[in-house]
Amino acid sequence: MAKIGSIVGSNAKIEMTPFKQLYVEVPFDRRDLIQEELERAGLEVYPAGFLTKSLIACNFCKGAEDAGLETARKLNQAIAGIETPTPLKIGYAGCALGTSEPLLKDIGVVKMKDMFDIYIGGEPKGLKTAIAQKLVSGLTEDRLVPVIRKIIDFYIANAKGKEKFRKFVERVSLEQLQQITQS
Ligand code: SF4
């Protein structure tokens, strides 16, 4: 935090999100320089707005290997920062305890021993909260990124305007999205 403060300066606005990511508001003319310095300090920087957010992962308490830290890193690299009709949150849990609440995310991944289950359509906010539904189970690691990219790409191509992901899932149906993951 001290390093971030020294780079962004005392006038920058910093906000901690409920999912432990930091939003930093900086002057536009210093943005690129600040981003470079943050990245040089080993931090990951993503744009804000209508994009897929960086992966909201658990704390990997079962150990890096058992909980799939490397898989989560690869998934984050593949999905963070894609332009989408509305901001998309993708969660990851290293075991079925799901302490990072993957079923309350737009897309949630749960590691089950050596396989992965994917859930879609979670909504934690507002009066119409929803628990994500299971899209697919028993995926091998190599299928994880391609399947999630297919869902994101289908959402980008077929959302009506700024249609929220949960509403999109309801409209096109879970069954159609399941077929897309198999094609
Ligand atoms: S989801 Fe599982 S592995 Fe990850 S922090 Fe929670 S209990 Fe630990």
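Here are some notes on this predicted model, going from the overall layout down to single residues.

1. Start with the layout. The chain splits into domain 1, residues 2-40, and domain 2, residues 56-182. UniProt, in an unreviewed entry, marks residues 73-179 as "domain: Nitrite/sulphite reductase 4Fe-4S". In the model that span is 36% helix and 21% strand, and its end C-alpha atoms lie 27 Å apart.

2. Next, have a look at helix α5, residues 141-158. How far apart should its ends be? With 18 residues at 1.5 Å a residue, α5 should span 26 Å, and the end C-alpha atoms sit 27 Å apart, so the two figures agree.

3. Which residues of α5 are buried? They are Leu144, Ile148, Ile151, Ile152 and Tyr155. These residues take up an arc of only 90° around the axis, so they sit on the same side of α5. On the face turned away from that side you'll find the exposed residues Asp142, Pro146 and Ala157. As for what lies over the buried residues of α5, the cover includes the helices α4 (69-79), α6 (165-172) and α7 (174-182), along with the strands β5 (107-112), β6 (115-120) and β7 (133-139).

4. Setting aside neighbours within four places in sequence, Ile151 is in contact with Ile107, Ile120, Leu177 and Thr181. Thr181 is 30 residues away from Ile151 in sequence, yet the C-alpha atoms of the pair are 7.2 Å apart.

5. Now for the largest nonpolar core, which has 32 residues; Leu55, Tyr92, Ile118 and Ile120 touch the most other members. At least two residues each come from β3 (56-57), α4, β4 (90-93), β5, β6, α5 and α6. Helix α5 gives the largest share, 5 residues. As background, nonpolar side chains tend to be buried together in soluble globular proteins.

6. Leaving out residues up to four places away in sequence, Tyr92 touches Leu55, Ala57, Cys58, Ala72, Leu75, Ser100, Pro102 and Val109.

7. Is Lys89 buried or exposed? Lys89 counts as buried, since it has 21 C-beta neighbours inside 10 Å. You'll find Lys89 in the loop between α4 and β4. Beyond residues up to four places away in sequence, Lys89 touches Lys53, Ile56, Lys105 and Asp106. Ile56 is 33 residues from Lys89 along the chain, with 7.4 Å between their C-alpha atoms.

8. Helix α2, residues 31-40, is hardly covered: of its 10 residues, the count of buried ones is 0. After α2 comes Gly42, with a positive phi near 90°.

9. Phe60 has a positive phi of about 55° and sits in the loop between β3 and α3 (64-67). Phe60 is partly exposed, as 19 other C-beta atoms lie within 10 Å. Glu101 has a positive phi of about 55° as well, and its place is in the loop between β4 and β5. Glu101 counts as partly exposed, with 18 C-beta neighbours inside 10 Å.

Technical notes: Residues numbered from 1 in each chain as written. Predicted model: local features only at pLDDT ≥ 70, side-chain atom pairs only at ≥ 80, totals over all residues. Domains from an automatic or database assignment. Helix = DSSP H or I, 4+ residues; strand = E, 2+ residues; numbered from the N terminus. Expected span 1.5 Å × (residues − 1). Buried ≥ 20, exposed ≤ 12 C-beta atoms within 10 Å, placed from the backbone. Arc of directions from axis to C-beta. Contact = placed C-beta atoms within 7 Å. Core = buried A, V, L, I, M, F, W, Y, C linked by C-beta atoms within 7 Å. UniProt positions renumbered as here; feature names shortened; annotations may be inferred.
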